Amino acid sequence: WEDDYFSISVEPYGSCHIVCFDYDPLVDKIYGNIFKIHELSYNKVCLNEQINKYKFMIPYIYFKPERKYAPGIMDYYRLFDEREFGEHTVTMYRTYRGIISTITVYFASERLGIILKILQKRYENIENGAFKRYGNVWSWYLGEYIIRVFYRPKEEYSIVEFDYQPLATQAEIAEREYLSR
């Protein structure tokens with residue numbers, strides 16, 4: 001069970017089970033120290049940094065009647081220069097109050113194996129403690145940061161998402177409160 005800042009998990013332990021109650025921001029910091037991950041970047045853009053540091057980004061505003069954005073949340077996009085994940089890759093940067101909270105990379109679904117190898121090589125020293133897989137979702141939990149790969153086999157593009165969890169959680173709360181009005 002997960003809430004914005006608290007989680008409860010039940011895990012097998014030999015012939016019994018363990019119930020863990022976590023205060024997530026504190027657990028994030030502890031794991032960040034264990035994994036020695038205190039920043040995460042992609043395409044030379046760091047999570048948890050001011051957007052005004054990156055002049056090359058273009059605000060991405062699109063209007064869908066069913067989707068509204070809470071004040072303080074803005075999306076930016078750009079095509080890759082380095083093209084590490086492939087030539088037809090697009091990157092979206094979500095900001096909350098001017099700070100980058102999420103980097104979403106759209107890649108050709110057929111390149112899933114290559115993408116996973118790149119990420120596994122990058123984080124091989126912490127693979128056992130940080131990696132989890134649930135069906136078509138691969139995740140690396142790196143303390144305050146998380147990387148998720150969402151494989152969408154029936155669609156042309158799949159997604160890699162880099163999150164700075166405390167800020168991404170704040171943005172989700174703000175969006176939820178705004179949309180409930």
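## Salt bridges

A salt bridge here is a side-chain nitrogen of Lys or Arg within 4 Å of a carboxyl oxygen of Asp or Glu. By that rule, this predicted model has six salt bridges.

One of them pairs the side chains of aspartate 163 and arginine 148, at 3.0 Å from N to O. Aspartate 163 sits in strand β12 and arginine 148 in strand β11, so the pair ties together parts that are 15 residues apart in sequence. With 5% relative accessibility, aspartate 163 is buried.

Another joins arginine 94 to glutamate 175, at 3.8 Å from N to O. Arginine 94 belongs to strand β7 (residues 90-96) and glutamate 175 to helix α4 (residues 165-179), so this pair links parts that are 81 residues apart in sequence.

## Helix α2 and its two sides

Now look at helix α2, residues 112-122, where Leu112, Ile115, Leu116 and Leu119 are buried. Seen down the axis of α2, its buried residues fall within an arc of 95°, so they line one face of the helix. On the other side of α2, Lys117 and Lys121 are exposed.

What covers the buried residues of α2? The cover includes strands β8 (99-108), β10 (137-142), β11 (145-150) and β12 (157-164).

## The nonpolar core

The largest nonpolar core has 36 residues. Leu119 is among those with the most contacts inside it, and so is Ile147.

Key
Residues numbered from 1 in each chain as written. Predicted model: local features only at pLDDT ≥ 70, side-chain atom pairs only at ≥ 80, totals over all residues. Heavy atoms only, no water. Buried < 20%, exposed > 50% of the residue type's maximum accessible area, 1.4 Å probe, protein only. Helix = DSSP H or I, 4+ residues; strand = E, 2+ residues; numbered from the N terminus. Arc of directions from axis to C-beta. Contact = heavy atoms within 4.5 Å. Core = buried A, V, L, I, M, F, W, Y, C linked by side-chain atoms within 4.5 Å.
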